[in-house]
Amino acid sequence: MYFEEFKTGQRFQCESFLVTEEEIHTFAMKYDPHPIHIDQEFAENNSMFHGIISSGFLTLSAMWGQWIRLGKFGNEFIVGKNFDYVKFTAPVRMNDILTTEVEIGGKKLSSKSGRGEITLKFTVTNQHDEVVLLTQINVLLKTRKTIQQEKVITR
């Protein structure tokens, strides 16, 4: 979708996804090997979560993957600019089923021609309707004007 096609307040529902024990362990071993993600005994006896939990970065990555799979961004996507915030509000555990809702929080044209910035607000909930992640991301997209410019350049 191009910049102009997104509307402030518009909402999208992503496919739910299952967080498996294997995913938690594999991701943690490679990117976040803290004992609360990989050591059952430590996680049960030395953490406030009383068991293994997913890395928040796994949850964040899975959320983004589900958004991309929804297919709203194609060649119109230029780049992610920044996160305004990331809030891990509850632990994610093995066999949790997570669902992501994305809301268009705002949009503005860029000072550079052919680009627009949109703000995406993500809310991730588990199978108990408990919010586990809140984040806001700003991204750059092509505008329809970009297509007109590309057509003129290629002629």
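**Salt bridges and a pocket**

Hi everyone, let's start with a pair of charged residues: Arg-11 and Glu-103 form a salt bridge, with their closest N and O atoms 3.3 Å apart. This pair ties together distant parts of the chain, since Arg-11 belongs to strand E1 and Glu-103 to strand E4 (residues 96–109), 92 residues apart. Please keep in mind that this is a predicted model.

Let's stay with Arg-11 for a moment. Which residues does Arg-11 touch, leaving out those up to four places away in sequence? They are Glu-101, Val-102 and Glu-103. The Arg-11 side chain also makes a polar contact with the side chain of Glu-101, at 2.6 Å.

How many salt bridges are there by the rule used here? The count is four. One of them joins Arg-144 to Glu-5, with the closest N and O atoms 3.4 Å apart. Here Arg-144 sits in helix H5 (residues 144–154) and Glu-5 in the segment before E1, 139 residues apart.

Glu-117 and Lys-81 form another, at 2.8 Å between the closest N and O atoms. Glu-117 lies in strand E5 (residues 115–125) and Lys-81 in strand E3 (residues 77–88). Is Glu-117 buried or exposed? Its relative accessible area is 11%, under the 20% cut-off, so Glu-117 is buried. Lys-81, at 44% relative accessibility, counts as partly exposed. As for Arg-11, salt bridges with shared partners join Arg-11, Glu-101 and Glu-103 into one network.

Finally, the largest pocket: its volume is about 220 Å³. Its lining has 15 residues, and Ile-53, Ser-54, Gly-56, Phe-88 and Ala-90 lie nearest its centre. Helix H4 (residues 56–69) gives the largest share of that lining, three residues. By type, the lining divides into eight nonpolar, six polar and one charged.

Notes: Residues are numbered from 1 along each chain as its sequence is written. This is a predicted model: local features need pLDDT of at least 70, side-chain atom pairs count only at pLDDT 80 or more; totals for chains, interfaces and linings use all residues. Side-chain values use heavy atoms; hydrogens and water are left out. On a 1 Å grid over the protein atoms alone, a cavity is a set of points where a 1.4 Å probe fits but cannot get out, and a pocket is an open set with protein on both sides within 12 Å along at least five of seven lines; lining residues have an atom within 4 Å of a point. Grid points are joined across faces, edges and corners, and a volume is the space filled by probe spheres set on the points. Helices (H or I, at least four residues) and strands (E, at least two) are DSSP runs, numbered from the N terminus. Ala, Val, Leu, Ile, Met, Phe, Trp, Tyr, Cys and Pro count as nonpolar, Asp, Glu, Lys and Arg as charged, and the others, Gly among them, as polar. Contact means heavy atoms within 4.5 Å. A polar contact is a pair of N or O atoms within 3.5 Å; within protein, one must be able to donate a hydrogen and the other to accept it, and residues adjacent in sequence count only if both atoms are side-chain atoms. A salt bridge is a side-chain nitrogen of Lys or Arg within 4 Å of a carboxyl oxygen of Asp or Glu. Buried means under 20% relative accessible area, exposed over 50%, partly exposed in between (1.4 Å probe, protein chains only).
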